[in-house]
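Colleague: I would like to go through the labels used for this model. Please give me the grounds for each one.

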Amino acid sequence: MSGYPPAQQPHSPQAYYGQPVYMAVAPPPRGKSIASMVLGLVSVFFGFTLILPLIGFIMGLTALKSEPTGRGMAVTGIILNGLMLLGWVVLVGFFLLVVVGIGASSVNTGVAA
């Protein structure tokens, strides 16, 4: 016997690659988060509407809980729809302030007899 170690058998091609790796791919965002963002964009670009931001805001809130992969679109929809709803609150508040102010000033401007 010589002082060399025994010759090793060549590796099989499968030994180099190992086990196949399966990667979990997150599902794409579903309809609620996309619809919330789209309704927010539509209500911003096409003017003040009350119904679209309200529906989009509710859809965005429900999408946060049920669609974790669409979180970014749901948050965008909530922000856009929330800003539009805030615009409605400010507009109605200003309108009521003006109407109440005009009504109060017309009562006080009566001519004394």
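Modeller: Keep in mind that the model is predicted.

Colleague: What does the side chain of T62 reach, and at what distance?

Modeller: The backbone oxygen of M59, at 3.0 Å. The cut-off for a polar contact is within 3.5 Å, and T62 itself sits in helix α3, residues 51-66.

Colleague: Why is T62 called partly exposed?

Modeller: Its relative accessible area is 36%. Buried would need under 20% and exposed over 50%, so a value in between is called partly exposed.

Colleague: How far is T62 from S36, in sequence and in space?

Modeller: The two are 26 residues apart in sequence, and their C-alpha atoms are 9.7 Å apart.

Colleague: What makes α2 and α3 roughly antiparallel?

Modeller: Helix α2, residues 31-45, packs on α3 at an angle of about 150°, with 8 Å between the axes. Angles over 145 degrees count as roughly antiparallel, so the pair takes that label. The crossing is left-handed.

Colleague: Which residues make the contact?

Modeller: From α2 they are K32, S33, A35, S36, L39, V42 and S43. From α3 they are L52, P53, I55, G56, M59, G60, T62, A63 and S66. By class, eight are nonpolar, seven polar and one charged; Gly is counted as polar.

Colleague: How many helices and strands does the protein chain have?

Modeller: Four helices and zero strands, in the order α-α-α-α from the N terminus. Of the 113 residues in the chain, 16% are buried.

Conventions:
Residues are numbered from 1 along each chain as its sequence is written. This is a predicted model: local features need pLDDT of at least 70, side-chain atom pairs count only at pLDDT 80 or more; totals for chains, interfaces and linings use all residues. Side-chain values use heavy atoms; hydrogens and water are left out. Helices (H or I, at least four residues) and strands (E, at least two) are DSSP runs, numbered from the N terminus. Buried means under 20% relative accessible area, exposed over 50%, partly exposed in between (1.4 Å probe, protein chains only). A polar contact is a pair of N or O atoms within 3.5 Å; within protein, one must be able to donate a hydrogen and the other to accept it, and residues adjacent in sequence count only if both atoms are side-chain atoms. Axes are lines fitted to C-alpha atoms, for helices over the stretch in contact, and angles run from 0 to 180 degrees between N-to-C directions. Angles under 35 degrees count as roughly parallel, over 145 as roughly antiparallel, 65 to 115 as roughly perpendicular and the rest as oblique. A crossing is left-handed if the near helix is turned anticlockwise from the far one by less than a right angle, and right-handed if clockwise. Contact means heavy atoms within 4.5 Å.
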